[in-house]
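This briefing is meant for a reader who is meeting the structure for the first time. It begins with one local feature and then turns to the chains and to the contact between them.

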Amino acid sequence: MNQVPHPVPESLSDLFFSFTRLALQGFGGVLAFMERMLVEKKQWMTRDEFVQEWAVARTMPGPPAMNLSIMVGAKYFGWRGSVFAAAGMLAAPSITIVVLGLVYAQFGDQPQVNQALRAMGAVAAGFIMATGIKLLTALQKNPLGIRVCAGLALAGFITIAWLHLHSILVLAVLGLVGTSLAYSKIKT
Amino acid sequence: MNWADWLDLVKHLLAYSVASIGGPLGLVSELHRYLVTQEHWLTDSQFNASVVLAQAAPGPNVLFVALLGWNIGMNAGGYLYAPGVALLSLVGILLPSCSMMFFATKWISRNQDLRAVKAFKQGMSPTVIAMLIASGWLLATANASTLGDWRLWVTTGVAAVLVIDGRVNMFWLLAIGGGLGALGIIS
């Protein structure tokens, strides 16, 4: 393994405020903002590392974005890092959401509010798909090879987006196929 | 609500947490069955508003559970109860899964050179990326299901291209999208 040196979080408060910042921007889901911050801005991990950590975070129980913050925190500062990263994700946004709830109770029946929310939902959907497409580029280094990766990814997209199969079923079946194939291709 | 009720709420949330692969949005129908249909701690409209709001608000989607807790607290005892129940609910839905994730992380970093660990990370990657793109697709189609909503589709497409390009600040894209939406130009 060739380890490329890359920047690391300076302190627990750096970790906390970095996650606070990205969480407060993350309307309609924070993952796109996590990728932008961790991979492109702070460069705490490469895109390839991000994909591999995401694979674990998405497979374990719990919100994948929270799981990812726990992994990143633990990597640099042990359990304290996990606590500060997770707290950063939750503290400010949870206060924000309660305030927005009170505002929404006042103005939620205005048509402009719902129009704005729909439009922001459409923007957020674009963010999520764009992030996924960017992550696809990291599969070039995958030992499965580009054709197997493309097959698995296409099957995953079609079964969930178009056939509406249950995501845990898709994760289990395609994940098992992918992991078995990867196991046979990786040399120890 | 009495002490037995609060205990029952916490026990349910802890159990849901362990089962919440992919995050608690997958548990929405189960939470609705328990909190609204079975226990009547929330009204149907409170429940739905919490889910919609949490997806529109900044922060991880799991915060809708805090909002559910806030409303349960409001119904049970007003502003005195609401913050505590919101915190209790959030901790309940997160503590088990976050703890499991932490110990899994420790185990994986100790065993990162194991063939099985490498195979798992690499083998799962194509599927989890596809699921991410699919969730974006589902989010886009949930809002815009007919051809009459073509402006929303264009918005999604433009946002995606600009994010891949990477030069524009994503927060401003959201703000501009929201502004155009409020003016009735997009939706």
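In this predicted model, helix α2(A) is followed by Q43(A), a residue whose phi is positive, near 55 degrees.

- Is Q43(A) buried or exposed? Q43(A) is exposed, because 12 other C-beta atoms lie within 10 Å, and a residue with 12 or fewer such neighbours is classed as exposed.
- Helix α2(A), by contrast, is largely enclosed by the rest of the structure, because 8 of its 11 residues are buried.
- The buried residues of α2(A) are L31(A), A32(A), F33(A), M34(A), E35(A), R36(A), L38(A) and V39(A).

**A positive phi in chain B**

- H40(B), which is likewise a residue other than glycine, has a positive phi near 55 degrees.
- H40(B) belongs to the loop between α2 (28-38) and α3 (44-56) of chain B.
- H40(B) counts as exposed because it has 9 C-beta neighbours inside 10 Å.

**T20(A) in helix α1 of chain A**

- T20(A) lies in helix α1 of chain A.
- T20(A) is partly exposed, because 19 other C-beta atoms are found within 10 Å, whereas a buried residue needs 20 or more.
- Which residues does T20(A) contact, leaving aside its neighbours within four places in sequence? They are G88(A), A91(A) and A92(A).
- T20(A) and P5(A) are 15 residues apart along the chain, and their C-alpha atoms are separated by 25 Å.

**Chain A as a whole**

- The secondary structure of chain A consists of 7 helices and 0 strands, and from the N terminus on its elements run α-α-α-α-α-α-α.
- Along the principal axes, the C-alpha trace of chain A spans about 60 × 45 × 25 Å.
- Of the 188 residues in chain A, 52% are buried.
- Among the contacts in chain A with a separation of 6 or more, 58% are between residues 24 or more positions apart.

**Chain B as a whole**

- Chain B has 8 helices and 0 strands, and its pattern along the sequence is α-α-α-α-α-α-α-α.
- The chain is divided into domain 1 (3-107) and domain 2 (113-182), and the C-alpha centres of these two domains of chain B lie 26 Å apart.
- Taken along the principal axes, the C-alpha atoms of chain B fill a box of roughly 55 × 55 × 25 Å.
- Buried residues account for 47% of the 187 residues in chain B.
- Of the contacts in chain B with a separation of 6 or more, 42% join residues 24 or more positions apart.

**Packing of two helices in chain B**

- Helix α1 (residues 3-18) of chain B packs against helix α5 (residues 82-110) of chain B at an angle of about 35 degrees, and their axes are 7 Å apart.
- The crossing of α1(B) with α5(B) is right-handed.
- On the α1(B) side, the contact is made by V10(B), L13(B), L14(B), Y16(B), S17(B) and V18(B).
- On the α5(B) side, it is made by L88(B), S89(B), G92(B), I93(B), L94(B), L95(B), P96(B) and S97(B).
- The residues of this contact between α1(B) and α5(B) comprise 10 nonpolar, 4 polar and no charged.

**The contact between the chains**

- In the complex, 90 residues of chain A are in contact with 83 residues of chain B.
- Which elements of chain A give two or more residues to the side that touches chain B? They are α1 (12-25), α2 (31-41), α3 (47-59), α4 (64-107), α5 (111-136), α6 (146-162) and α7 (167-185) of chain A.
- The largest share of this side of chain A, 23 residues, is provided by α5(A).
- By type, the residues on the side of chain A that touches chain B are 60 nonpolar, 25 polar and 5 charged.

**Confidence of the prediction**

- The mean pLDDT of chain B is 92, and 100% of the residues of chain B reach 70 or more.
- For the complex, the predictor gives an ipTM of 0.92 and a pTM of 0.92.

Definitions and conventions. Residues are numbered from 1 along each chain as its sequence is written. Chains are lettered from A and ligands numbered from 1 in the order in which they are written. This is a predicted model: local features need pLDDT of at least 70, side-chain atom pairs count only at pLDDT 80 or more; totals for chains, interfaces and linings use all residues. Axes are lines fitted to C-alpha atoms, for helices over the stretch in contact, and angles run from 0 to 180 degrees between N-to-C directions. Helices (H or I, at least four residues) and strands (E, at least two) are DSSP runs, numbered from the N terminus. A crossing is left-handed if the near helix is turned anticlockwise from the far one by less than a right angle, and right-handed if clockwise. Two residues are in contact if their C-beta atoms, placed from the backbone, lie within 7 Å. Ala, Val, Leu, Ile, Met, Phe, Trp, Tyr, Cys and Pro count as nonpolar, Asp, Glu, Lys and Arg as charged, and the others, Gly among them, as polar. Domain bounds come from an automatic or database domain assignment. pLDDT is the predictor's confidence in each residue, from 0 to 100.
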